[in-house]
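Please keep the sequence and the structure in view while reading.

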Amino acid sequence: MNSFYPQRLHHARLLAGLSVRDLADQVGKSHNTIHLIEKGELSPDPALTLALAKALKQTPGYFFQPLTVSISKIEFRKKASLGSRQVDRIRVEVTNHLERYLEVENILGIATEVNWPIAPLISEDKDVEVAAIELRHAWELGSSALPNVLEMLEDREVKVLELEAEPAFDGLAAHVAPNMPIMVVNAGFTIERKRFTALHELGHLLLQFPEDLPEKEKETYCHRFAGAMLLPAEKLHDALGDNRSQVDMEEFIALKEFYGISIQALVMRAFHLGLITRPAYQQFWKTISKNKAEEGLGAYQGKEHSGRFRQLVHRALAQGLIAEVKAAHLLGLGLEAFRGTEAEQSGSISTEQSSFAKAWDDDEPEYFLNDLQSLNPDYEPR
């Protein structure tokens with residue numbers, strides 16, 4: 001008989017935002033029973049498995065799927081207001097989605113091969129500028145604006161995920177294996193912040209730091225790397241000149257709209273490069289402190305999205321390698337939602353209720369053949 005994987009139950013509970021006691025109350029069992037199941041010391045019978053699936057808004061078959069992804073060397077950027085339970089839920093969201101990402105690549109016979117240039121050891125600001133210049137050269141990006149950062153990273157074999165998450169979550173970077181980098185950005189960010197965050201996370205994946213370098217300094221260097229990738233020093237110098245004591249806001253708006261970098265990041269970069277004076281820098285922060293969202297101060301005119309995963313699912317479907325129901329599952333949709341609204345989906349991972357979860361709430365669970373066979377290996381369709 002297929003095995004029940006206790007860690008799947010733990011993951012599903014975290015995704016649902018439930019404590020052990022909360023889940024126990026919903027399925028009519030003691031919290032010790034749930035605790036023992038999660039520890040792998042007790043296996044639920046089919047009736048309890050169904051009850052757990054309904055309470056956690058998962059297919060029963062989810063609990064019988066072996067874990068195929070282990071994320072290591074993770075760099076997690078968050079604010080202190082993001083609690084440990086929220087952090088754990090995000091980790092599970094990323095793990096689950098990455099499993100589906102790798103599954104569709106395996107179906108299509110796609111192998112990941114990362115051939116990145118070896119970045120220099122970063123010990124001072126100029127090293128960051130050199131690293132950005134060398135990477136742009138190695139990736140043949142030129143020195144102009146980057147049109148779509150997330151797509152660019154996907155073209156270089158980074159698994160990019162957009163996650164609907166709390167504002168306190170910025171992003172994360174990690175390695176699933178030595179040759180398989182992943183990156184997650186908050187889908188709720190402005191387009192400029194999303195671009196900056198993605199390149200900041202790229203810094204964590206690519207740059208080499210001294211082992212004793214404090215984490216705060218690593219963050220600072222990754223910030224500067226993101227700015228250098230978005231707007232090369234020579235281009236910013238051409239636009240602003242040297243040692244400016246006064247700069248009009250319209251100059252920054254024009255650069256923001258073309259290069260896709262926030263005005264605050266622009267001013268910080270200009271000051272670090274010596275293109276504006278300290279008094280001009282300080283005066284700017286007095287002005288922008290009242291409008292840190294930069295409302296009414298322009299917006300990047302290009303697009304920013306990650307679409308490779310969705311494209312791969314549709315490719316597998318078009319080639320007849322998977323059925324519609326499998327495509328819907330990979331995209332985290334119910335079959336009806338996949339058929340009716342797929343063209344309108346944004347491509348981001350959503351923590352909102354899925355169509356399958358809604359079916360549970362409506363007491364209309366959608367069973368698939370593998371779910372029934374997971375509960376009863378002798379089951380045969382009529």
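## Terms and basis

Contact, or touching, is used here for heavy atoms within 4.5 Å. Under that definition Arg 308 touches Tyr 101, Glu 105, Ile 110, Glu 154, Glu 157 and Lys 159, when residues up to four places away in sequence are not counted.

This is a predicted model, in which local features need pLDDT of at least 70 and side-chain atom pairs count only at pLDDT 80 or more, while totals for chains, interfaces and linings use all residues. Residues are numbered from 1 along each chain as its sequence is written, and side-chain values use heavy atoms, with hydrogens and water left out.

## Overall make-up

The protein has 18 helices and four strands, where helices (H or I, at least four residues) and strands (E, at least two) are DSSP runs numbered from the N terminus. Of its 382 residues, 47% count as buried; buried means under 20% relative accessible area, exposed means over 50%, and partly exposed lies in between, with a 1.4 Å probe and protein chains only. Among contacts between residues at least 6 apart in sequence, 68% join residues at least 24 apart.

## Helix H14 and Arg 308

Helix H14 covers residues 308-318, and its buried residues include Arg 308, Phe 309, Arg 310, Leu 312, Val 313 and Ala 316. What covers these buried residues includes helix H5 (84-108), H7, S2 and helix H15 (324-330). H14 is followed by Gly 320, which has a positive phi near 75°.

Arg 308 has its place in helix H14 and counts as buried, at 17% relative accessibility. Although Arg 308 and Leu 150 are 158 residues apart in sequence, their C-alpha atoms are 9.7 Å apart in space. One of the residues that Arg 308 touches is Glu 157, which is found in the loop between helix H7 (149-155) and strand S2 (159-163). Glu 157 has a positive phi of about 75° although it is not a glycine.

Leaving out residues up to four places away in sequence, Arg 195 touches Leu 146, Pro 147, Asn 148, Val 149, Leu 230, Tyr 259, Gly 260, Tyr 300 and Glu 304.

## Two helix pairs

Two packed helices are described by the angle between their axes and the distance between the axes. Axes are lines fitted to C-alpha atoms, for helices over the stretch in contact, and angles run from 0 to 180 degrees between N-to-C directions. Helix H12 (residues 263-272) and helix H13 (residues 278-288) pack at an angle of about 165°, with their axes 10 Å apart. That angle makes H12 roughly antiparallel to H13, a description that applies to angles over 145 degrees, whereas those under 35 count as roughly parallel, 65 to 115 as roughly perpendicular and the rest as oblique. The contact is made by Ile 263, Gln 264, Val 267, Met 268 and Phe 271 of H12 and by Arg 278, Tyr 281, Phe 284, Trp 285 and Ile 288 of H13.

Helix H10 (residues 233-240) and helix H11 (residues 249-259) pack at an angle of about 145°, with their axes 11 Å apart. Lys 235, Leu 236, Ala 239 and Leu 240 of H10 meet Glu 251, Phe 252, Leu 255 and Tyr 259 of H11 in this contact. Lys 235, in helix H10, is partly exposed, with a relative accessible area of 28%. Leaving aside neighbours within four places in sequence, Lys 235 is in contact with Ser 143 and Tyr 259. Lys 235 and Ser 143 are 92 residues apart in sequence and 7.6 Å apart in space, C-alpha to C-alpha.
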